[in-house]
Amino acid sequence: MSFKFPKITIYDRYMFKQVTLASLVAILLFTIVWIAPEILLNTIKGALAGDYGIKTAVLLLFYELPKILDKAFPVGLLLGTLFTFDKMSKDSEITIFRAVGMSFPRIIAPVIVLSLIFTYLCFLTGDKGTPMAAEKMRAIRGSVRSTQYIYTQKDKTGHPLAAVVVSKSYDRKLKNVIVLDFSNKVYQDVHQLSNIYSAKIGYAYDDRWELNDVTNYKISSDGIYIDIKHINKMNVLEGETAKNALTLMTYSTMKERDITNHDLKNYVKLLKEEKLSEEYNFILNKYLQRYFHPLVCILLAILGCLLGFSKPREQRLVGFTIAVGCIFIYYITLPFFDLLAEKEILSPYITATFPTIAFLVAIFAFYKSKDL
């Protein structure tokens with residue numbers, strides 16, 4: 001039995017074209033509204049102040065687009081389908097399609113195809129576009145990542161072996177590093193120190209963290225340093241531990257959206273191995289959202305079709321009000337779900353999937369209410 005691809009009719013081409021044009025206009029308007037108030041103003045100020053030229057200013061605006069489009073694709077589809085179906089309902093076109101025997105699934109079939117295209121574009125933008133644009137913007141501005149970081153090395157039982165406190169780092173360059181070397185003695189859950197190392201500079205290699213110009217304070221069992229000596233060079237982290245610490249320090253300065261899916265997945269695994277529960281739950285939630293957020297394009301497209309189905313004399317404002325409310329609630333509650341995941345109130349698998357499930361429930365409710 002051979003599979004035959006469904007025949008593309010004049011209706012499919014007509015509907016696909018109408019929804020595409022309306023969605024692109026909605027995406028354009030959303031992008032202009034999002035970029036105009038602050039981003040455009042700051043870019044113009046930078047150009048007038050002589051920080052960069054016109055060409056660089058245009059590039060900076062261009063590299064802001066992936067971050068905006070990630071949000072604009074679902075919104076554009078919702079408003080585009082809503083506007084198209086609302087107009088066709090008012091013009092009695094939908095009534096004609098229903099009269100000739102077209103079911104609701106058949107009517108929205110071209111919209112589903114379009115939403116699948118937008119879903120892929122949304123996924124690609126989040127995975128590749130936004131991280132690449134962020135890297136390009138850092139290169140244009142000549143900015144270097146700077147951070148403060150504390151890494152605690154533990155044994156298999158959870159006993160701390162050493163704590164590396166980096167006061168400031170620029171990429172791999174370390175400044176004002178303090179290393180706390182713990183002994184095996186524990187007094188009332190307080191871990192006894194055996195050595196304190198203080199270094200002015202250091203460098204984080206892939207296989208080791210090397211410190212230069214080190215001052216070593218030897219600590220007695222009474223908690224008093226008994227000897228001070230100078231060390232020209234020493235390694236504090238080596239092998240896989242050094243590599244993991246560098247990864248954690250690097251990603252701690254980056255926003256989740258600036259990391260590709262592949263790197264984000266590895267980061268989640270590393271956080272789990274290091275037992276950094278809060279950060280692990282937060283990043284896992286963000287990683288799962290990378291896959292569920294594009295699916296919202298399909299759901300909002302269907303929701304827009306349902307809201308657009310109306311009687312010839314029915315008020316158009318109702319559907320658009322509900323659509324704007326859905327968009328507002330979706331984006332305003334995302335940080336709230338992030339917090340619930342981070343504080344371990346709810347599992348990241350729940351917080352990441354809840355908006356998708358909510359939209360499915362809304363679609364089912366509107367489908368029943370429209371009696372389609």
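This is a predicted model: local features need pLDDT of at least 70, side-chain atom pairs count only at pLDDT 80 or more; totals for chains, interfaces and linings use all residues.
The buried residues of helix α7 are Asn261, Leu264, Tyr267, Val268, Leu270 and Leu271.

**Helix α7**

- Helix α7 covers residues 261-273, which makes 13 residues.
- An α-helix has 3.6 residues a turn, so residues three or four places apart point the same way.
- Among the buried positions of α7 are Asn261, Leu264, Val268 and Leu271.
- After α7 comes Lys275, which has a positive phi near 60 degrees.

**Helices α2 and α5**

- The crossing in which α2 passes α5 is left-handed.
- The contact of α2 with α5 consists, by class, of 15 nonpolar, seven polar and five charged residues.

**Helices α5 and α8**

- The crossing of α5 past α8 is right-handed, whereas α2 passes α5 in a left-handed one.
- On the α5 side, the contact is made by Val111, Ile112, Ser115, Leu116, Phe118, Thr119, Cys122, Phe123, Gly126 and Asp127.
- On the α8 side, the contact residues are Arg290, Tyr291, His293, Pro294, Leu295, Cys297, Ile298, Ala301, Ile302 and Cys305.
- By class, the contact of α5 with α8 comprises 14 nonpolar, four polar and two charged residues.

**Strand β5**

- Glu210 is part of strand β5, which spans residues 208-219.
- Glu210 has a relative accessibility of 12% and so counts as buried, the limit being under 20%.
- With neighbours within four places in sequence left aside, Glu210 is in contact with Gly202, Tyr203, Tyr205, Lys233, Met234 and Asn235.
- Asp213 is also placed in strand β5.
- Asp213 has a relative accessibility of 31% and therefore counts as partly exposed.
- The phi of Asp213 is positive, about 55 degrees, although the residue is not a glycine.

**Ser92, between helices**

- Ser92 sits in the loop between α2 and α3 (93-99).
- Ser92 is another residue other than glycine with a positive phi, here near 65 degrees.
- Because its relative accessibility is 30%, Ser92 counts as partly exposed.

**Ser369, in α10**

- Ser369 belongs to helix α10, residues 348-370.
- Ser369 is exposed because its relative accessible area is 54%, and the limit for that class is over 50%.
- Ser369 and Gln153 lie 216 residues apart in sequence, and their C-alpha atoms are 58 Å apart in space.

Notes
Residues are numbered from 1 along each chain as its sequence is written. Side-chain values use heavy atoms; hydrogens and water are left out. Helices (H or I, at least four residues) and strands (E, at least two) are DSSP runs, numbered from the N terminus. The expected span of a helix is 1.5 Å times one less than its number of residues. Buried means under 20% relative accessible area, exposed over 50%, partly exposed in between (1.4 Å probe, protein chains only). A crossing is left-handed if the near helix is turned anticlockwise from the far one by less than a right angle, and right-handed if clockwise. Ala, Val, Leu, Ile, Met, Phe, Trp, Tyr, Cys and Pro count as nonpolar, Asp, Glu, Lys and Arg as charged, and the others, Gly among them, as polar. Contact means heavy atoms within 4.5 Å.
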